[in-house]
Amino acid sequence: MSFTKVVRGGRVVTPDGVINADVGIDGEKIAAVGPNLDAKGAEVIDATGHFVIPGVLDVHVHLELPFCGTTSSDDYRSGTRAGARGGVTTLIDFAIPYAGDSLNDAADNWMKRAEGKALIDYTFHICITRYDEHKDQIAGMVKRGFTTFKEFMIYESEGWQSDDRALYGTLEKMKELGAMLLVHAESSRVLDELIARHHTPELMKQHGATLHAITRPNFIESEAIQRVVTWSEATGGQLYIVHMSTAEGTEIIKSAQARGVPVIAETCVQYLVLDDSVFAQEDGHLYACCPQLKKPSDVARLWKGIKEGTVSVISTDTCTFTREQKAMWEGDWTKIPMGMPGLETLMPLTYTHGVLGGKITIEEMCRKLSTNPAQIMGLYPRKGAIEPGADADLAIIHPTATLKVEPDKMETNADWSPFEGWDLAGFARTTISRGEIIVDNYKVVGREGRGKWLPRTTAGLAHKSRNETQRASAQPVMAQ
Ligand code: URP
Ligand code: ZN
Ligand code: ZN
């Protein structure tokens, strides 16, 4: 068998465990994984002393999102370059219909943003913002290759909010079509009431950005998760809770899954490495995201949820704003553009704090960052694992070498970072996307616009077929 490239001598993280092996690439695909592959005529990429892991999928990203009175500052150029540097080879953004837009219009608009700019592969979750208008368009979107949809239980002022009728009806459609609904679960009416009660000049002067946490107690998330889980249980529609941030939410998901409710949970890496003490810092408003960072006890419960399998996916909810954009708050926490940069640091943070921090194994990290998201979002086996036949999407990372997070050296379009000054291992020395080197020696070298849209035919609980627990004995796998 001949290869165009051979990744030589790394510790390869496969679905069956970590093995010492070469990865043979033929064009855009992985052709073989095994020892001493014949590299005659192939470009050899030395991975000695490194892990070779499947390219990361960040399945919760907002690029160029008009939101909170401004537009998030990472576009498809800077955002996908940032992702590549962190070993991300696939992202999923959210196509949101604006005034009068159909679901097809929303998909077209977001496709245009990505085309000609994206360095890595991409697709979109389709947001349902006006249920009565959009409900009969869902089947057509599935036919067009979009199998995941999204509803928000908050954001009335953005025009995005869905009520229980819409959630219930959309989950019925998900059941009918075998598709999956992603939900931002926060309890809007009580949240609005708590915000209104605290929105006084005196309290804003006294508490500053800490009001963001004060007005969002944990029950704001857990009540909403409980409610939408009820609609999933009643309809049988597949549900995916995005950016879960609370211990209570994790418990609800755990018991729902034990009852057989088709619900999957995602958390974001910021909820695993930061807590709400940051709001008391001088620049505390910079950290405002939605939902907000929670308490150390929530952080601990989320890590446990990852380990036990309740939480299947770690993503970023990348929604970058610069210092100038964040300054729009002028002391009023309700005006802070909510979101953070994330794509570039997803894997370094998960690797450094999860794997090197002794919380998860490297196999578990790859499951939460690659295999599970690929399976749940209908992209497996094309994406998500180092297996013959899959796209040759790989990241090569050094096990211990660190880089300091310095905003002016990052690809992401932000002049600050929530992780500024942190020493992180796990940045990609090399990122390979469909057989092409796009990051070399920690620098982006890939061509803008080479990223492709990924059509899908499935979504949801197919990932349950892959055992969540680590398989001990690993054998090299060869293509036929
Ligand atoms: O703060 C965040 N997460 N901004 C993006 C919108 C959302 O709710 O995901
Ligand atoms: Zn959200
Ligand atoms: Zn989001």
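**Working through the zinc and ligand 1 site**

Let's start with two residues: histidine 184 and histidine 243 are both buried (under 20% relative accessible area, 1.4 Å probe, protein chains only). This is a predicted model, where local features need pLDDT of at least 70 and side-chain atom pairs count only at pLDDT 80 or more, while totals for chains, interfaces and linings use all residues. Residues are numbered from 1 along each chain as its sequence is written, chains are lettered from A and ligands numbered from 1 in written order, and side-chain values use heavy atoms, leaving out hydrogens and water.

**Exercise 1.** Work out which histidines coordinate the zinc ion (ligand 2), and why the arrangement is irregular.

*Solution.* Step one: pick out the donors (N, O and S atoms within 2.8 Å of the metal, or 3.2 Å for Na, K and Ca; water is not among the atoms, so sites may look incomplete). His184 gives ND1 and His243 gives NE2, at 2.1 Å.

Step two: check the angles.

Step three: look for the neighbouring metal. The zinc ion (ligand 3) sits 3.7 Å from the zinc ion (ligand 2).

**Exercise 2.** Find the polar contacts of ligand 1 with histidine 62, tyrosine 155 and cysteine 290.

*Solution.* Look for pairs of N or O atoms within 3.5 Å. Histidine 62 puts a polar side-chain atom 3.1 Å from a ligand 1 oxygen. For tyrosine 155, a side-chain N or O atom is 2.5 Å from an oxygen of ligand 1. Cysteine 290 uses a backbone N or O atom, at 2.8 Å from a ligand 1 oxygen.

How values were computed. Four donors count as tetrahedral if all angles lie between 85 and 135 degrees; four count as square planar and six as octahedral if opposite donors are over 155 degrees apart and all others between 65 and 115; anything else is irregular. Buried means under 20% relative accessible area, exposed over 50%, partly exposed in between (1.4 Å probe, protein chains only). A polar contact is a pair of N or O atoms within 3.5 Å; within protein, one must be able to donate a hydrogen and the other to accept it, and residues adjacent in sequence count only if both atoms are side-chain atoms.
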